[in-house]
Amino acid sequence: MPDRALCPRIARAPRPWLTREAGECAWPHDGDGATVRACCNPCGAAAYCPGHKALMRGPTAPSLAETLRDLARFVGEAT
Ligand SMILES: [Zn+2]
């Protein structure tokens with residue numbers, strides 16, 4: 001079960017897992033065992049809606065240019 005603190009309010013109308021239909025997000029919103037509710041936002045052929053798909057991927061890595069800029073700033077502060 002995902003940590004609630006890490007789950008922004010993405011699900012608009014979560015429903016019991018067993019009532020989820022094809023084309024609805026499978027992300028477990030809350031509950032345990034038989035009381036689990038799924039997100040159920042529209043997701044087409046995907047397993048998860050765009051919001052939960054992005055949540056699973058996590059933050060994006062900084063670009064090389066951003067990394068070099070941060071490194072230069074760190075070295076500048078350290079000297
Ligand atoms: Zn979702």
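Residues are numbered from 1 along each chain as its sequence is written. In this predicted model, local features require pLDDT of at least 70 and side-chain atom pairs pLDDT 80 or more, whereas totals for chains, interfaces and linings use all residues.

The protein contains 2 helices and 3 strands. Both kinds of element are DSSP runs, numbered from the N terminus: helices are H or I with at least four residues, strands are E with at least two. Along the sequence the pattern is β-β-β-α-α. Of the 79 residues, 16% are buried. Burial is set by the number of other C-beta atoms within 10 Å of a residue's own, with C-beta atoms placed from the backbone: 20 or more is buried, 12 or fewer is exposed, and anything in between is partly exposed. Among contacts with a separation of 6 or more, 29% link residues 24 or more positions apart. A contact requires C-beta atoms, placed from the backbone, to lie within 7 Å.

The 3 strands form an open sheet with the order 1-3-2 and antiparallel pairing. Strand 1 (15-16) and strand 2 (28-30) are the edges; each has a single partner strand, so one side of each lacks a neighbour in the sheet. Strands of a sheet pair through backbone hydrogen bonds, either parallel or antiparallel. Here, two strands count as paired if DSSP finds at least two bridges between them. Strand 2 and strand 3 (residues 37-38) run antiparallel and are joined by 2 bridges. Asp 30 has Arg 37 of strand 3 as its bridge partner.

The loop between strand 2 and strand 3 holds Ala 34. Ala 34 is exposed, because it has 8 C-beta neighbours inside 10 Å.

The loop between strand 3 and helix 1 (50-57) contains Cys 40. Cys 40 is buried, because 23 other C-beta atoms lie within 10 Å. Most residues other than glycine have a negative phi. Cys 40 is not a glycine, yet its phi is positive, at about 70°.

Helix 2 (residues 64-78) has 15 residues. The expected span of a helix is 1.5 Å times one less than its number of residues. For helix 2 this gives 21 Å, and the end C-alpha atoms are 21 Å apart, so the two values agree. Helix 2 is hardly covered, with a count of 0 buried residues among its 15.

Definitions and conventions
Contact = placed C-beta atoms within 7 Å.
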